[in-house]
Amino acid sequence: MELLTCPKCQNNHIVKSGVVNSKQRYLCKNCKYFFTVNKIGKKIDDYYVTKALQLYLEGLSYREIERILGVSHVTVSNWVKTFNIKKPSHANYHPTYKIFNHLELVEYLKNKDLLSGAGMIITELGDKFMLIKWERFKD
């Protein structure tokens with residue numbers, strides 16, 4: 001017998017609560033949530049959720065994250081709301097990003113002129129790397 005958990009609170013204190021459209025209906029005794037069977041839908045890997053939230057905190061917009069990760073900007077927005085993420089203020093800094101493969105990244109990092117005068121972070125994106133660089137706005 002498969003052990004069901006509530007999709008809302010993940011508690012396993014579940015009781016049967018009737019049948020709807022010939023599907024068994026359940027009630028979570030913990031949060032009083034009614035549900036049928038587990039959803040069989042498209043589940044996005046937690047790696048992409050984490051990466052999208054990291055990129056958001058680094059100052060990228062929803063649409064930039066969408067272009068990089070291939071995940072809808074609306075989905076990214078929903079994750080930000082779900083996890084209650086607050087973007088820190090970067091009023092004096094402007095993030096730019098570049099995508100490199102391994103060899104391109106090594107060549108980029110060899111040039112000291114490109115590295116000075118800005119903060120940067122390198123993050124992995126599948127088989128590529130993303131370099132995010134912050135430069136102060138010029139007055």
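What follows covers the overall fold, then the aromatic rings, then the cysteines.

This is a predicted model, where local features need pLDDT of at least 70, side-chain atom pairs count only at pLDDT 80 or more, and totals for chains, interfaces and linings use all residues. Residues are numbered from 1 along each chain as its sequence is written, and side-chain values use heavy atoms, with hydrogens and water left out.

**Overall fold**

- The protein chain has five helices and six strands, taken as DSSP runs numbered from the N terminus (helices: H or I, at least four residues; strands: E, at least two).
- Reading from the N terminus, the order of elements is β-β-β-α-α-α-β-α-α-β-β.
- The chain has 139 residues, and 24% of them count as buried; buried means under 20% relative accessible area, exposed means over 50%, and partly exposed is in between (1.4 Å probe, protein chains only).
- Take the contacts (heavy atoms within 4.5 Å) with a separation of 6 or more: 48% of them join residues 24 or more positions apart.

**Aromatic rings**

- Searching the whole structure turns up five aromatic pairs; rings of Phe, Tyr and Trp (its six-membered ring) pair if their centres lie within 6.5 Å, and planes under 30 degrees apart count as stacked, over 60 as edge-to-face and the rest as tilted.
- One of them is tyrosine 33 with phenylalanine 35: the ring centres are 6.3 Å apart and the planes sit at 15°, so this pair is stacked.
- Tyrosine 33 is partly exposed at 34% relative accessibility, while phenylalanine 35 is buried at 7%.
- Another pair, phenylalanine 100 and tyrosine 108, is tilted, with 5.0 Å from centre to centre and 40° between the planes. Both of these residues, phenylalanine 100 and tyrosine 108, are buried.
- Tyr26, Tyr33 and Phe35 make up one aromatic cluster.

**Cysteines**

- How many disulfides are there? The count is zero, where a disulfide is a pair of cysteine sulfur atoms within 2.5 Å.
- For cysteine 6, the closest cysteine sulfur belongs to cysteine 31 and is 3.7 Å away, which is too far for a bond.
- Cysteine 9 is in no disulfide either, as its nearest cysteine sulfur, in cysteine 28, is 3.6 Å away.
- Cysteine 6 is buried at 1% relative accessibility, whereas cysteine 9 is partly exposed at 29%.
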